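Dear colleague,

Please find below the structure that I am handing over to you. My notes on what was found in it follow directly after.

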Amino acid sequence: MVEAQQNVKKDRPVYRNIGLAQLVKYRLPWAGKVSILHRISGAVLFLMLPFLLYLLDQSLASEVSYQKFQAITGHVLVKVVCLGLIWCFLHHFCAGIRYLLLDLEIGVEKSEANRSAIFVFCLGVALTAVVGLKLFGLY
């Protein structure tokens, strides 16, 4: 009987945490990637809230502060940061709608969930590209 218990213990798989080297090789499905990006975008939006409130304050205080606001946002680096924040907002918004639909049990099948995750990712990138072109003055 003791031998049978030892054989059972030996045959069971051992699950360990994924190491950094294994993380690069790990293939996450699209729904998982979109989920992680949704969390990251929400955290970035939360952490950048003081910066966004500062920009809003500068744009509304007076004409002189509005001119300072234009000078700040005229730099390419600030535009890139703003473009990143725009992507965060658009991705978080689109993924949030996807999760609301999943809560209503719409698109919960594996193939539908994969398609909706790819759609959300592509839509967020496409909308960001459109707004980015406007931000950088290309139209």
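In the lining of the largest pocket, helix 6 is the main contributor, giving 5 residues. Please bear in mind throughout that this is a predicted model. Helix 6 covers residues 76–103, and together with helix 4 (49–60) and helix 5 (63–73) it belongs to the elements that each supply at least two residues of that lining. The pocket itself has a volume of about 220 Å³. Its lining consists of Leu-45, Leu-52, Leu-55, Phe-69, Thr-73, Lys-79, Cys-82, Leu-85, Ile-86, Phe-89 and Leu-135.

As to confidence, the protein chain has a mean pLDDT of 89, with 93% of its residues at 70 or more. Among the elements of the chain, the lowest mean pLDDT, 60, belongs to helix 1 (residues 2–11), whereas the highest, 97, belongs to helix 7 (residues 110–135).

The cysteines deserve a separate remark. The structure holds 0 disulfides. A pair of cysteine sulfur atoms would have to lie within 2.5 Å to count as one. For Cys-88, the closest cysteine sulfur is that of Cys-82, at 12 Å, which is too far for a bond. Cys-122 is likewise in no disulfide, the nearest cysteine sulfur being that of Cys-94, 11 Å away.

Gly-132 and Leu-23 are 109 residues apart along the chain, and their C-alpha atoms are separated by 32 Å.

Finally, I turn to the annotation. An unreviewed UniProt entry places the feature "transmembrane region" at residues 36–56, 76–101 and 116–136. In the model, the span 36–56 is 95% helix and 0% strand, and its end C-alpha atoms lie 29 Å apart. The span 76–101 is 100% helix and 0% strand, with 37 Å between its end C-alpha atoms.

With kind regards

Notes
Residues numbered from 1 in each chain as written. Predicted model: local features only at pLDDT ≥ 70, side-chain atom pairs only at ≥ 80, totals over all residues. Heavy atoms only, no water. pLDDT = per-residue confidence, 0-100. Helix = DSSP H or I, 4+ residues; strand = E, 2+ residues; numbered from the N terminus. 1 Å grid on protein atoms, 1.4 Å probe; cavity = no way out; pocket = protein on both sides within 12 Å on 5 of 7 lines; lining within 4 Å. Points joined across faces, edges and corners; volume = space filled by probe spheres on them. UniProt positions renumbered as here; feature names shortened; annotations may be inferred.
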